[in-house]
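Visitor: I'd like to go through this structure with you. Can we start with the strands and then move to the ligands?
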Amino acid sequence: MPTSKSTEAAERSPGVKDVFGRPLRDLRISVADRCNFRCIYCMPKEIFGSDYQFLDRKELLTFEEIERLVKVFVGHGVEKIRLTGGEPLVRRNLENLIEMLAAIPGLDLTLTTNGSMLARKAESLKAAGLNRVTVSLDSLDNEIFKAMNDVGFPVEKVLAGIDEAARVGLNPIKVNMVVKRGVNEQSILPMARYFREAGHILRFIEYMDVGHSNGWKLDEVVPASEIVEIISADMPLEQIPPNYPGEVANRWRYQGDENEVGVIASVTKPFCGGCTRARISAEGKLYTCLFAVAGQDLRQLMRDGISDSDLSDAVGLTWAARKDRYSEIRSSLTEGLPKVEMSYIGG
Ligand code: SAM
Ligand code: SF4
Ligand code: SF4
């Protein structure tokens with residue numbers, strides 16, 4: 001259902017549509033390509049080791065450049081901004097950016113984080129104007145979680161971050177769990193029980209073939225249907241309709257209460273048809289799909305002195321020409337295509 005905020009944004013601009021008639025509604029901005037975790041499915045240590053060349057500070061978009069881009073995107077119909085990365089909370093003074101973006105009326109402003117610094121930062125993020133957070137957590141079992149984040153980070157500290165975020169009012173909190181066959185299926189049920197009790201929305205994400213470094217194989221994907229079966233056998237679920245058209249997660253409610261879980265079936269049930277998301281990498285490249293091969297260099301345009309109206313035209317033309325639907329056509333034909341890494345493009 002559209003919120004009053006989204007109605008406000010829609011009134012501001014009818015918005016640009018792509019080749020398949022999909023509007024531009026969500027913008028994910030990577031504010032850092034670095035991360036303090038080395039999740040095995042995202043930034044495996046063998047590739048992201050001590051000699052890995054991350055972006056230089058001056059290559060990152062400045063907060064002023066991000067603010068300028070957000071205003072342009074809002075002009076094309078964007079209603080929701082998600083700050084991501086890499087790990088967004090490693091970006092210094094992120095609260096200053098949040099304050100700048102929170103001053104733009106009618107925007108839903110949220111952030112995805114690994115939660116490692118959330119206990120310390122939740123209060124200042126809320127005070128700066130952040131509306132909500134999504135926290136990633138793949139298991140409640142320390143052995144499994146530490147092996148998955150591959151830096152030995154303990155579960156308790158992420159849970160403390162989630163508690164603090166809830167306390168300061170960064171609600172509703174969503175928790176993302178990537179499920180990888182043979183690694184953390186046994187954590188599905190304990191996670192479901194815990195977050196049902198805590199009253200936060202847990203979303204299971206099918207392991208995806210983003211980038212090239214994680215060595216993805218189809219048989220390592222636990223299909224969303226299997227995840228729902230596992231939970232339902234213990235706590236019966238009923239499907240509920242999406243909150244808004246194009247919502248990524250399929251929603252399920254526990255019978256007998258109002259708590260829900262979501263499953264993001266990007267591999268087994270692709271949702272490109274309703275995909276309204278654009279992404280900007282930490283160095284300012286615009287990608288119209290998570291699996292896009294190349295991005296449009298908006299930083300270069302800005303640093304070359306482009307006017308606001310020409311910048312807006314450039315973005316509008318790119319979206320209008322968009323034909324991406326990678327997940328729907330995923331096959332042996334797409335296997336060998338070049339792709340950018342999730343930690344770079346922003347999940
Ligand atoms: N560092 C932050 C975090 O982990 O929440 C934000 C960036 S991370 C790239 C965004 C989301 O992408 C996380 O929820 C993460 O679990 C998910 N992700 C990363 N690699 C993935 C993969 N191969 N398949 C599915 N989800 C993935
Ligand atoms: Fe870092 Fe997030 Fe990727 Fe894990 S999923 S390595 S926390 S960017
Ligand atoms: Fe959107 Fe691309 Fe994902 Fe399809 S594959 S849902 S077009 S980001």
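Guide: Strand β5 (residues 174–179) runs parallel to strand β6 (residues 201–206), and six bridges join the two. Strands pair if DSSP finds at least two bridges between them. Strands (E, at least two residues) and helices (H or I, at least four) are DSSP runs numbered from the N terminus.

Visitor: What stands opposite Lys174 in β6?
Guide: Ile201 stands there.

Visitor: Before going on, what are we looking at, and how is it numbered?
Guide: This is a predicted model, where local features need pLDDT of at least 70 and side-chain atom pairs count only at pLDDT 80 or more, while totals for chains, interfaces and linings use all residues. Residues are numbered from 1 along each chain as its sequence is written, chains are lettered from A and ligands numbered from 1 in the order in which they are written, and side-chain values use heavy atoms, with hydrogens and water left out.

Visitor: OK. In what order do the strands of the sheet come?
Guide: The order is β7-β8-β9-β6-β5-β4-β3-β2-β1-β10-β11-β12, so written for 12 strands in an open sheet with mixed pairing. The edge strands, each pairing on one side only, are β7 (237–240) and β12 (296–297).

Visitor: How does β7 pair with β8?
Guide: β7 and strand β8 (residues 250–254) are antiparallel, with four bridges. Ile240 stands opposite Arg251 in β8.

Visitor: How many residues lie between β8 and β9 in the hairpin?
Guide: Five, and Gly256 in that turn has a positive phi of about 100°.

Visitor: Which strands does β1 pair with?
Guide: β1 pairs in the parallel sense with strand β2 (residues 80–84) over five bridges, and Ser30 stands opposite Thr84 there. β1 also pairs in the parallel sense with strand β10 (residues 277–280) over four bridges, where Leu27 stands opposite Ala278. With helix α2 (residues 63–75), β1 and β2 make a right-handed β-α-β unit. Right-handed means that, with the strands pointing away from the viewer, the path from the first strand over the helix to the second runs clockwise.

Visitor: Anything on the loop between β1 and α2?
Guide: Leu55 lies in that loop and counts as buried at 10% relative accessibility. The C-alpha atoms of Leu55 and Asp33 are separated by 7.0 Å, though the two are 22 residues apart along the chain.

Visitor: Switching to ligands. What surrounds ligand 2?
Guide: Cys35, Phe37, Cys39, Cys42, Met43, Gly86 and Asn114 do, where a residue is near if one of its heavy atoms lies within 4 Å. That shell has five nonpolar, two polar and no charged residues. Here Ala, Val, Leu, Ile, Met, Phe, Trp, Tyr, Cys and Pro count as nonpolar, Asp, Glu, Lys and Arg as charged, and the others, Gly among them, as polar.

Visitor: And ligand 3?
Guide: Its shell has seven nonpolar, one polar and four charged residues, including Cys272, Cys275, Cys289 and Arg277. β10 and α11 (326–329) each supply at least two of the shell residues. Cys272 counts as buried at 10% relative accessibility, and Cys289 is buried at 12%.

Visitor: Last topic, how many aromatic pairs?
Guide: Eight. Rings of Phe, Tyr and Trp (its six-membered ring) pair if their centres lie within 6.5 Å; planes under 30 degrees apart count as stacked, over 60 as edge-to-face and the rest as tilted. Tyr52 and Phe54 are edge-to-face, because their ring centres are 4.7 Å apart and their planes at 65°. Tyr52 is partly exposed at 31% relative accessible area, whereas Phe54 is buried at 15%.

Definitions and conventions: Buried means under 20% relative accessible area, exposed over 50%, partly exposed in between (1.4 Å probe, protein chains only).
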